[in-house]
Amino acid sequence: MSPPSSTDRVVATTSSASRSGTAAEPVLAVRNLRVRFRTARGVVHATEGVSYDLFGGEVLGVVGESGSGKTVSAMAVLGLLPANAEVTGQIHFRGRDLLGLPPAELRAVRGQRIAMVFQDALAALNPLHRVGSQIAEAITTHHRDVTRRQLRDRTVQLLGDVGIPNPSAAARRYPHEFSGGMRQRVVIAMALANDPEVIIADEPTTALDVTTQAQVLDVLERMRERTGSAMVLITHNLGVVTGVADRVLVMYAGKVMESGGIGAVFTKPAHPYTIGLLGSMPRLDQDGGRLTRIAGQPPSLLDVPPGCAFHPRCPHAQLPGPCATDVPELRTASATGHRSACHFADDLTRVSPSGPSLEPRG
Amino acid sequence: MTSRSRSGTAFLRRLLGRPAGVVALVLVVPPALAGLLAGRIAPGNPKAQAYPTFRPPSREFLMGTDNEGRALFAMVVHGLATSMVTVVSVIVIAAVIGVAVGALSGYRGGVVDGVLMRLVDMLEAVPAFFLAIVAFAVLGSDQNTLIVLLAATSWTALARIVRAQVLSVKRREFVQAARSLGSSGVRTVIRHILPNVTPAVIVVLPLLASRVVLIEAGLAFLGLGDPNRLSLGYLIANAQPHLQYYWWMSVFPGLVLTSLVLGFNLLGDAFNDVLDRPSEGQAPEGRAPARRAWPGGAGRQRVVAAAAAGAAAGPLDVAAVLD
Amino acid sequence: MSGRYVLRRLAQVVPTVVGILVITFVLIQLAPGDAADTLSEGDAEYTRQLRARMRLDRPLIEQFWAYAKRVLRGDLGVSSTQNGRSVKGLIGEYLPRTMLLMGTAVVLSTLVGIALAARAGRRPDGPLDATIGAGALLGYAVPVMWLGQLAILVLGLRAGLFPVGGMTDPRVSYGGIDHLLDVGVHLALPVLVLATSEVAMVYRVARTGLRQESQKEYVRAAHAKGVRPDRVLSHHAMRNALLPVVTIIGTRIGFLFSGAVVVERLFAWPGMGTLLITAAERRDRPVVLGVVVVVAFALVAATLATDLVYALVDPRIRYD
């Protein structure tokens, strides 16, 4: 991990990072994931060549703007993409490629070995079913021989674990009767009902206000530690990620731009996009300095720019040069040891995130 | 603000671009035209014909003749005339009343709104068909009476729609109150209402038309129509005793009537598609620019849709999403 | 369900009831002759009594009040063409037969419509879905009067499968089970015709509802839990899609009554529709008005029942 510095107060390194850092087999290994959607307006390249590993017990943050492909790649893991999606690549989980699995076996994985926490709890819960029965459904789908009493006890226990007051009464309530934060806890309880090995949390706090966000993240972390699950945490909020994740993946326009330990990536970013993201984040611990913004808009996934997808907005793009023609590979940047998909990654590690040299071109 | 004629032709083109729209127009336009031009196509009094009876369809008698030697084709065409006259009259009257009441109710609000909406509820309590039967029994069987009655029971749907639109526009105006519209008087509100109201009203009109056609024919079928007018319903009823051997007496009027009803329904669906995109998160075309500026609802929907990558076709246009 | 919601819903009924009374009262006033004539033509003695009771020299409001009280008490007047039989009695005799017809049609169409929607929903936009959808469109658009004739023509006359008229065989008088069967056989075609357009409507609503619900997040969440697809369909998507079907039944009852009138005429089914038409032809105004009042009230009751059932089924609106 990076040497202690003033930034460590903000970029928290959680204790779980040091735990179970098995250099052995990753729990989840994604290789060259490519997802395309056939739409009436053309082919949407939602993700392209996404590869990452998730190790046991760790939290991998996946960061990016809307449309960066972070959610799509998560949905692909569980096979939850719509019918017009074409998925290629490999998703290795416990020795099997999820992408080739017959439906029945994939269903056995869903909700039991790999579980999902959805963003909008109100939408993710059936409004006509009681909360308790929806949690129970998660259990009975995978465990047929559970008695009614065991089911009830387990449901109430789960609700209590996530911090819902009066859990046995709560189980009989309907989703709309809960506040946003409480509902999200229900969704977390539902996801953890079967002690999954991997949790995929898709923007679990985006719909919540800041105070509730912190509470929910806390609950998520507690539950995760209890079950020892690894987690993929998808968010566009860098603050959320820094508090929770061990490693981070930065995505843009469907591709991985940078990946590595969170300390390394956020203190010594090696990609202009990451630098831009960090620079645009208001920091309480730093005085003054202008917030930079990344000029322009993310590209339409119908029409991704050639070469490096970021080059039209990149203040460091060398034109003419490889940026517009060659797709940069995710390579280890020499200085810090983490990986970046930029032709000039090595040069960038010398630039500090909030430096004035990030004025956008033109 | 888009000019009327431009959006009119664009609308027509978009309508024709859809298979449902084309089918609808094919089903509706020929019968409608035939009805409107009845006097030209089949001149003379159709009931006073004296051809040989019970002739099956042939080159001479396109739709055959009936039990009294009348050519069915002429009868059908005149029946269509009755339908069209009724439909057009009812729609015009109902539209005028409905839009006026709806606008007044939505704009004024308060007591006026309450009273008018109560009136609407009361009028909708009795089914129009039954009311027509009662009117027949009590007031006689004149076509004009029927038109008045149908108009009186049809304007309520339009009033509701217009009222809803006015209310939503009104709310927006207040939201933009900071921009100081000054005295957002009737004129301003109307200028903002009309473009938003017209599509919603237009969508409903074909469905209203379909309903009117059915009621008018139904009444005639039951023998309760205007005896001086020829109606498709009468023709169908007339065919009943002769069903076994002279099928054309029932089939042609029935087909024509079905075509009209089906066509109107499809037209309503097609209008809906073209003028209103309810759940796809795209900004409806042909609307006033004010709509685009409104955040919330549709915008957030698009974000969620893109983030979840669940949209099958269409709005994965990321640039638009990040607005 | 909260008592307060029920009460509130009941209170909303009042203006509608008033509206019905007002409309019919207005129609009575518009008729030639005075109100007592309209309500009791024929029986001169009754007319005189009625005129006195209705105080026709009094202001309209009082007349209305008297009229309203009479109706709500159940006194709908006396038929002018049926030997002075009470309207209430006539309706009491004919209404149940219409209820039989309509009730069977509603139940049948709902079950079939939902089943079709579920079947088609299993393979969205597949061939079955498209075919049934087209069929539903046709079934909805074909006017009942013509559909009935086609049914008579094809199933009754040509194929000889069903009798084409009446409620019972006029030649024989059955008892017990045989009677039920006789009625049943005569009921088949009218119900079939009436139910067809209803099935189309139910199917469209259920199918659309299913399509919309299937795209919702909780359906995807259910898949994410590993729930089997057919259970996701039946337990989640379909269950939620049925809500609008409940609503639609309520709104369709009005159309159903109108359709029943036509069907009864077509098949000579001796129900309220036949009563109404015969009375209208003979200008038997008391009967016509009485039938309309009863039908309108029945509609109000049906709508109320629908709303309450809906509230029972959708937990989101229970606690208003």
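Reply: Two directions count as roughly parallel at angles under 35 degrees, roughly antiparallel over 145, roughly perpendicular from 65 to 115, and oblique for the rest. This is a predicted model, in which local features need pLDDT of at least 70, side-chain atom pairs count only at pLDDT 80 or more, and totals for chains, interfaces and linings use all residues, while side-chain values use heavy atoms, without hydrogens or water. Residues are numbered from 1 along each chain as its sequence is written, and chains are lettered from A, with ligands numbered from 1, in the order in which they are written.

The axes of α9(B) and helix α10 (residues 248–275) of chain B come within 8 Å and cross at roughly 150° (axes are lines fitted to C-alpha atoms, for helices over the stretch in contact, and angles run from 0 to 180 degrees between N-to-C directions). The two helices, α9(B) and α10(B), are therefore roughly antiparallel to each other. Their crossing is left-handed (the near helix is turned anticlockwise from the far one by less than a right angle; clockwise would be right-handed).

On the α9(B) side, the residues that meet α10(B) are Leu232(B), Leu235(B), Ile236(B), Asn238(B) and Ala239(B). Facing them from α10(B) are Met249(B), Ser250(B), Pro253(B), Gly254(B), Val256(B) and Leu257(B) (contact means heavy atoms within 4.5 Å). By class, this contact of α9(B) with α10(B) holds eight nonpolar residues, three polar and no charged (Ala, Val, Leu, Ile, Met, Phe, Trp, Tyr, Cys and Pro count as nonpolar, Asp, Glu, Lys and Arg as charged, and the others, Gly among them, as polar).

Within chain B, helix α9 (residues 232–239) has the highest mean, 91, whereas helix α12 (residues 318–321) has the lowest, 27 (pLDDT is the predictor's confidence in each residue, from 0 to 100). Over residues 1–5 of chain B the pLDDT is below 50, and this stretch has five contacts beyond near neighbours in sequence. Residues 278–323 of chain B also stay under 50, with 70 contacts beyond four places in sequence in the model. For chain B as a whole the mean pLDDT is 75, and 76% of its residues reach 70 or more. The model scores ipTM 0.81 and pTM 0.76.

Confidence in chain C is lowest in helix α2 (residues 35–40), at a mean of 64, and highest in helix α9 (residues 217–224), at 92. The axes of α8(C) and helix α10 (residues 229–267) of chain C come within 7 Å and cross at roughly 155°. That makes α8(C) roughly antiparallel to α10(C). Here α8(C) passes α10(C) in a right-handed crossing, and the contact includes 20 nonpolar, five polar and three charged residues.

Helix α8 (residues 176–214) of chain C also packs against helix α5 (residues 87–122) of chain C, at an angle of about 40° and with the axes 6 Å apart. The helices α5(C) and α8(C) are therefore oblique to each other. Their crossing is right-handed, and their contact divides into 22 nonpolar, five polar and two charged residues.

In chain A, strands provide another kind of packing. An open sheet of four strands has the order β2-β1-β4-β5 (chain A), with antiparallel pairing (two strands pair if DSSP finds at least two bridges between them). At its edges stand β2 (42–54) and β5 (96–97) of chain A, each with a single partner strand, so one side of each is left without a neighbour in the sheet. A hairpin of two residues joins β1(A) to β2(A), and these strands pair antiparallel over nine bridges, with Arg36(A) opposite His45(A) in β2(A). Strand β1 (residues 28–39) of chain A also pairs in the antiparallel sense with strand β4 (residues 85–93) of chain A, over eight bridges, and Leu28(A) stands opposite Phe93(A) in β4(A). Helix α1 (residues 70–78) of chain A lies across β1, β2 and β4 of chain A, running at about 105° to β1(A).
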